[in-house]
Amino acid sequence: KAVSIIAVSPFVQRDDAGTAEAGLELRPWADALQSLADGDPALLELAGDSDPGVRRAALDRLHDPLRLLEHLHAEDDAVVREAATGRLRTLLAGHLAGGPAVTVRLAVLADPRLPPALLVHLAAEAAESALRLAALAGVVDQQQLAVIAVQDAVAEVRLAATERIHDPELLAGLARSFRGRDKRLYRLVSERLEAVRRRETERL
């Protein structure tokens with residue numbers, strides 16, 4: 001019979017039926033996971049366990065976003081995928097004390113396996129403006145771009161988002177938002193709107 005073992009402690013080894021190995025005291029695997037530090041290499045082994053509950057608990061403790069993305073891409077269980085996505089969102093956004101450096105997180109943004117919805121979240125919520133700018137390159141939703149163009153605290157990010165908006169209705173809304181608040185962006189959207197009007201006139 002195949003045996004699936006959580007090999008993090010002689011006190012947590014178990015077989016698929018949850019029975020203790022001969023001569024060993026059985027403890028719940030959750031207790032053993034709690035004894036590991038976040039980012040412990042043993043968590044990588046547990047992230048590949050046959051038990052979805054073990055995988056979910058282990059993935060929620062990983063610190064390496066690339067490894068987490070790899071597990072997310074290979075995971076079949078919807079609940080585990082949701083947990084892994086949440087952990088990846090937290091890591092990449094820079095909202096975890098002692099988490100990966102921004103250079104590491106920026107490198108992960110170039111991975112084509114990254115879910116589009118995660119890029120949208122990072123473009124709006126990442127702690128560093130450099131990461132928000134990088135995530136913007138993968139955002140195609142015009143409405144989301146308009147929200148970022150209005151709400152981001154950094155002018156460079158607002159400009160980058162505005163430059164990617166072409167929807168006339170959204171541009172008109174941005175013009176109203178920027179009027180009297182941001183001359184550069186107001187001029188940009190006004191010029192875009194005028195170009196749209198010229199094209200429409202030429203078609204008539």
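Q: Which residue just after α11 takes a positive phi?
A: Gly-180 does, with a phi of about 80°. This is a predicted model: local features need pLDDT of at least 70, side-chain atom pairs count only at pLDDT 80 or more, and totals for chains, interfaces and linings use all residues. Residues are numbered from 1 along each chain as its sequence is written, and side-chain values use heavy atoms, with hydrogens and water left out.

Q: What counts as a helix?
A: A DSSP run of H or I, at least four residues, numbered from the N terminus.

Q: And what happens at the start of α11?
A: A side-chain oxygen of Asp-167 comes to within 3.0 Å of the backbone nitrogen of Glu-169.

Q: Which residues of α11 are buried?
A: Leu-170, Leu-171, Gly-173, Leu-174, Ala-175 and Phe-178, in a helix covering residues 168–178. Buried means under 20% relative accessible area, with a 1.4 Å probe and protein chains only.

Q: What do they pack against?
A: Against α9 (142–151), α10 (155–163) and α12 (183–203).

Q: At what angle do α11 and α12 pack?
A: At about 150°, with their axes 9 Å apart. Axes are lines fitted to C-alpha atoms over the stretch in contact, and angles run from 0 to 180 degrees between N-to-C directions.

Q: Which residues make that contact?
A: From α11, they include Pro-168, Leu-171 and Phe-178. From α12, Leu-185, Tyr-186 and Arg-192 are among them. Contact means heavy atoms within 4.5 Å.

Q: New topic. Where is Leu-43?
A: Leu-43 lies in α2, residues 42–46.

Q: Buried or exposed?
A: Leu-43 counts as buried, because its relative accessibility is 0%.

Q: What does Leu-43 touch?
A: Leaving out residues up to four places away in sequence, Leu-43 touches Leu-33, Leu-36, Ala-37, Asp-38, Ala-58, Arg-61 and Leu-62.

Q: How about Glu-75, where does that one lie?
A: In the loop between α4 (65–74) and α5. Glu-75 has a relative accessible area of 10%, so it is buried.

Q: What is Glu-75 in contact with?
A: Arg-55, Val-80 and Arg-81, leaving aside neighbours within four places in sequence.

Q: Last one. Which residues touch the most other members of the largest nonpolar core?
A: Leu-88, Leu-114, Leu-122 and Ile-165, out of 48 residues. Helix α5 (residues 78–93) gives the most to this core, with 6 residues. A nonpolar core is a set of buried Ala, Val, Leu, Ile, Met, Phe, Trp, Tyr and Cys residues joined through side-chain atoms within 4.5 Å.

Conventions. Buried means under 20% relative accessible area, exposed over 50%, partly exposed in between (1.4 Å probe, protein chains only). Helices (H or I, at least four residues) and strands (E, at least two) are DSSP runs, numbered from the N terminus. A polar contact is a pair of N or O atoms within 3.5 Å; within protein, one must be able to donate a hydrogen and the other to accept it, and residues adjacent in sequence count only if both atoms are side-chain atoms.
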